[in-house]
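Q: Could you walk me through how to read helices, cores and single residues in a model like this one?

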Amino acid sequence: MPFARLTAATTPTAHIGLGLAAVGRPGYINLGRDQDLPGERTPETLLARTHELLDAAYAQGVRYFDVARSYGRAEAFLAEWLRARPAVQDVVIGSKWGYTYTADWRTDAEVHEVKDHSQATFDRQRTETGMLLGDRLDLYQIHSLTADSPALTDTALHARLAGLAAEGVTIGFSTSGPAQADTVRAALGITVDGAPLFGAVQSTYNLLDPSAGEALAEAHEAGVPVIVKEGVANGRLAGAAAPLLLRDLAEETGTTPDAVALAAILRHPWATVVLSGAATAVQLSANLHAAVADLGEEQLDRLAGLREEPAAYWRQRAELPWH
């Protein structure tokens with residue numbers, strides 16, 4: 001399993017990963033991107049920003065990097081970084097298929113990505129990912145599974161995925177929506193020739209929507225690594241946008257709201273990797289302080305009061321504009 005590399009790492013930040021959704025394309029739904037990125041977001045500009053973040057992350061002990069076919073040029077940016085640093089062999093690389101990027105490098109596109117979990121999309125995107133990442137790909141995930149996704153019942157697709165697993169690539173899935181727990185449990189029950197298909201799960205989990213927690217703990221107990229995405233809720237738990245309670249606790253602990261939000265997740269024994277979605281080196285540094293932030297039980301109890309109903313959380317997320 002590629003995640004054994006993280007187990008072998010000794011730095012506190014080895015269980016924090018860097019996701020490139022925010023810097024692989026000019027438009028995304030994270031709050032504050034108008035300030036985080038330059039107004040002119042050419043491919044060259046975002047390539048430079050991505051490499052700056054990857055260099056900073058690796059230097060500070062981060063060993064998991066996460067991209068997707070729909071993250072604009074994120075796979076290409078990461079591939080170029082890896083080619084320029086052949087000595088970097090101790091990282092775990094994950095990508096995702098199932099969404100196609102359609103914005104054509106515009107921030108004002110009507111549709112930025114299109115979801116399709118068909119066998120044809122897998123075949124096409126697996127080839128595209130392979131051309132960029134080659135044998136550096138450790139984990140290939142179905143992007144944003146939901147309980148009604150045809151990928152849960154498509155046995156021919158399962159066979160294709162199992163074929164990739166036989167080549168040494170771990171097969172995983174990410175989840176979205178208010179029924180993530182149901183999706184996680186359904187997916188982990190899928191087998192091919194009697195063997196579990198999926199070897200990793202990636203889900204949204206944060207102080208606002210922790211509803212997938214029990215299912216993720218079950219995955220961990222079953223030996224499946226868990227990756228947590230959107231730990232700062234697309235910026236809602238960071239900076240000035242963070243709830244007052246979170247900002248107060250950040251002041252108490254001498255950190256930042258985002259560090260507190262991520263630290264609360266890292267305390268769970270089932271969290272194999274918690275992703276940072278930083279768009280600047282300053283944000284990344286603040287996120288990485290989560291690995292050493294000291295939260296007491298009383299503080300964690302107070303943070304539990306931030307929880308929202310999953311349906312409400314996902315409605316608000318769907319309304320976030322593409323910046």
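**An enclosed helix, and what surrounds it**

A: Let's begin with helix α10 (residues 257-266): nine of its ten residues are buried, so α10 is largely enclosed by the rest of the structure. Buried means under 20% relative accessible area, exposed means over 50%, and partly exposed lies in between (1.4 Å probe, protein chains only). Helices (H or I, at least four residues) and strands (E, at least two) are DSSP runs, numbered from the N terminus. Please keep in mind that this is a predicted model, in which local features need pLDDT of at least 70 and side-chain atom pairs count only at pLDDT 80 or more, while totals for chains, interfaces and linings use all residues. Residues are numbered from 1 along each chain as its sequence is written, and side-chain values use heavy atoms, with hydrogens and water left out.

Q: Which residues of α10 are buried, and what do they pack against?

A: The buried ones are Pro257, Asp258, Ala259, Val260, Ala261, Leu262, Ala263, Ala264 and Ile265. They pack against β11 (226-229), α9 (244-253), β12 (273-276), α11 and α12 (297-303). Contact here means heavy atoms within 4.5 Å.

Q: How do I describe the packing of α9 and α10?

A: Two packed helices are described by the angle between their axes and the distance between the axes. Axes are lines fitted to C-alpha atoms, for helices over the stretch in contact, and angles run from 0 to 180 degrees between N-to-C directions. For α9 and α10, the angle is about 90° and the axes are 8 Å apart. That makes α9 roughly perpendicular to α10. The cut-offs are under 35 degrees for roughly parallel, over 145 for roughly antiparallel, 65 to 115 for roughly perpendicular, and oblique for the rest. On the α9 side, Leu246, Arg247, Leu249, Ala250 and Thr253 meet Pro257, Val260 and Ala261 of α10. By class, this contact has six nonpolar, one polar and one charged residues. Here Ala, Val, Leu, Ile, Met, Phe, Trp, Tyr, Cys and Pro count as nonpolar, Asp, Glu, Lys and Arg as charged, and the others, Gly among them, as polar.

Q: At what angle do α4 and α5 cross?

A: The axes of α4 (residues 74-84) and α5 (residues 119-133) cross at roughly 30° and come within 8 Å. That makes α4 roughly parallel to α5. Glu75, Ala76, Leu78, Ala79, Leu82 and Arg83 of α4 make the contact with Thr129, Leu132 and Leu133 of α5. By class, there are six nonpolar, one polar and two charged residues.

Q: How many residues does the largest nonpolar core have?

A: In soluble globular proteins, nonpolar side chains tend to be buried together. A nonpolar core is a set of buried Ala, Val, Leu, Ile, Met, Phe, Trp, Tyr and Cys residues joined through side-chain atoms within 4.5 Å. The largest one in this model has 91 residues, and those with the most contacts inside it are Leu18, Phe65, Leu78, Leu246 and Leu303. Leaving aside neighbours within four places in sequence, leucine 78 is in contact with Leu20, Leu54, Phe65, Val67, Ile93 and Leu133. A second, separate core of nine residues includes Leu6, Val92, Leu139 and Leu275.

Q: How far does α3 reach from its first C-alpha to its last?

A: The expected span of a helix is 1.5 Å times one less than its number of residues. Helix α3 (residues 43-59) has 17 residues and reaches 24 Å, close to the 24 Å expected. Among its buried residues are Leu46, Arg49, His51 and Leu54. Their cover includes β1 (16-19), α2 (33-36), β2 (64-66), α4 and α11 (281-288). Just after α3, glycine 61 takes a positive phi of about 100°.

Q: Which residues is threonine 13 in contact with?

A: Leaving aside neighbours within four places in sequence, threonine 13 is in contact with Gln60, Gly61, Val62, Leu288 and Ala291. Threonine 13 is found in the loop between α1 (4-8) and β1, and counts as buried at 8% relative accessibility.
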